[in-house]
Amino acid sequence: MKLLISHKSKNEFKYFLRKNKIDFLETIDNPRLDKRIADHPDLSLFVLDKDTIVVDKNVFYYYKENLPGVNIISGDEVGYRYPYDAIYNLVKFKSFYIHNDFTERKIEEMMDKNFYKFLKIKQGYTRCSSIVLNDSIITSDYGIYKSLKDKIDISLIEKEDIELDGFDSGFLGGTCGMIDKRTIVFNGNIKKLNSYDIINKQCNKEKIKIIYPKNCELLDTGSLIMIG
């Protein structure tokens, strides 16, 4: 098992992962994406299940070489501009997949084939905008919350000032990811967030442990994705 992280991740976060014996693989830039976000894992691939991922064909061979034993499917290439840069940025949650109308073709076919129900929202950066837990989702995107509040367990939190290379602000979902059913990792000190108590309360409710390095700020480098 490897945690996929951006190659722009802070050294303090990489040290934290090594200290906690969490094996990780750094991304490479996708040449089809804006350079500022070309490193983000959740813009170039999607995990269908623990053994299978769909990867943009422009970075397919890198992941094929570095993730032995994983079934890697070569997928469609992203576009440079939104919403075509976000075709891999959907959320799979329980028996649903959540995204807008611009989902990578093979992923969409696989979701439909396996009877996942499509929950349509307007936000293409669905995964970046969501903290996806086992039984609930947390988001600061009111549009996502409004579309899903009557369909799934979802909590709305206030927008936070998250650093994102080259942009005024990033997404909280782009700072974290579940590494197993009982642990979520953030790439910076989540206790500094105004919404920490809400996030912590929900994680406690679901018996999910929050881990993070205390000595660095949160950075949106794309969702942290566990593979294998």
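**Close-up views of a predicted model**

**View 1. Ile199 and the contacts around it.** Apart from its neighbours within four places in sequence, Ile199 is in contact (heavy atoms within 4.5 Å) with Ile131, Ile138, Ile157, Leu172, Phe186, Ile190, Leu193 and Ile210. A word on the source: this is a predicted model, in which local features need pLDDT of at least 70 and side-chain atom pairs count only at pLDDT 80 or more, while totals for chains, interfaces and linings use all residues. Residues are numbered from 1 along each chain as its sequence is written, and side-chain values use heavy atoms, with hydrogens and water left out.

**View 2. The nonpolar cores.** A nonpolar core here is a set of buried Ala, Val, Leu, Ile, Met, Phe, Trp, Tyr and Cys residues joined through side-chain atoms within 4.5 Å; buried means under 20% relative accessible area, exposed over 50%, and partly exposed in between, with a 1.4 Å probe and protein chains only. The largest core has 19 residues, and Ile131, Leu172, Ile184, Phe186 and Ile199 have the most contacts inside it. E12, E13 and H5 are the elements that each give two or more residues to this core, and its largest share, 3 residues, comes from H5. (Helices, H or I with at least four residues, and strands, E with at least two, are DSSP runs numbered from the N terminus.) A second, separate core has 18 residues, among them Phe46, Ala86, Leu90 and Tyr97.

**View 3. An open sheet of 3 strands.** The strands follow the order E12-E13-E14, with mixed pairing; two strands pair if DSSP finds at least two bridges between them. E12 and E14 are at the edges with a single partner strand each, so one side of each has no neighbour in the sheet. On average, neighbouring strands of this sheet are turned by 30° against each other, direction ignored; the axes are lines fitted to C-alpha atoms, for helices over the stretch in contact, and angles run from 0 to 180 degrees between N-to-C directions. E13 and E14 run parallel and are joined by 3 bridges. Look for Thr183, which stands opposite Lys209 in E14.

**View 4. The crossover from E4 to E5.** Strand E4 (residues 52–56) and strand E5 (residues 71–75) run parallel, joined by 5 bridges. Ile53 has Ile72 in E5 as its bridge partner. Between E4 and E5 the chain passes through helix H2 (residues 60–66), making a right-handed β-α-β crossover. Right-handed means that, with the strands pointing away from the viewer, the path from the first strand over the helix to the second runs clockwise.

**View 5. Asp165 and Lys8.** These two residues form a salt bridge (a side-chain nitrogen of Lys or Arg within 4 Å of a carboxyl oxygen of Asp or Glu), with the closest N and O atoms 2.8 Å apart. The partners are 157 residues apart: Asp165 lies in the loop between strand E11 (154–156) and strand E12 (176–180), and Lys8 in the loop between strand E1 (2–5) and helix H1 (11–19). Asp165 is partly exposed at 41% relative accessible area, and Lys8 is partly exposed at 26%. A network of salt bridges links Lys8, Asp39 and Asp165.

**View 6. Two further salt bridges.** The structure holds 14 salt bridges. In one of them, Arg36 joins Asp34 with the closest N and O atoms 2.8 Å apart; Arg36 is partly exposed at 32%, whereas Asp34 is buried at 12%. Glu217 and Lys192 form another, with a closest N and O separation of 2.6 Å. Glu217 is partly exposed at 40%, and Lys192 is exposed at 52%.
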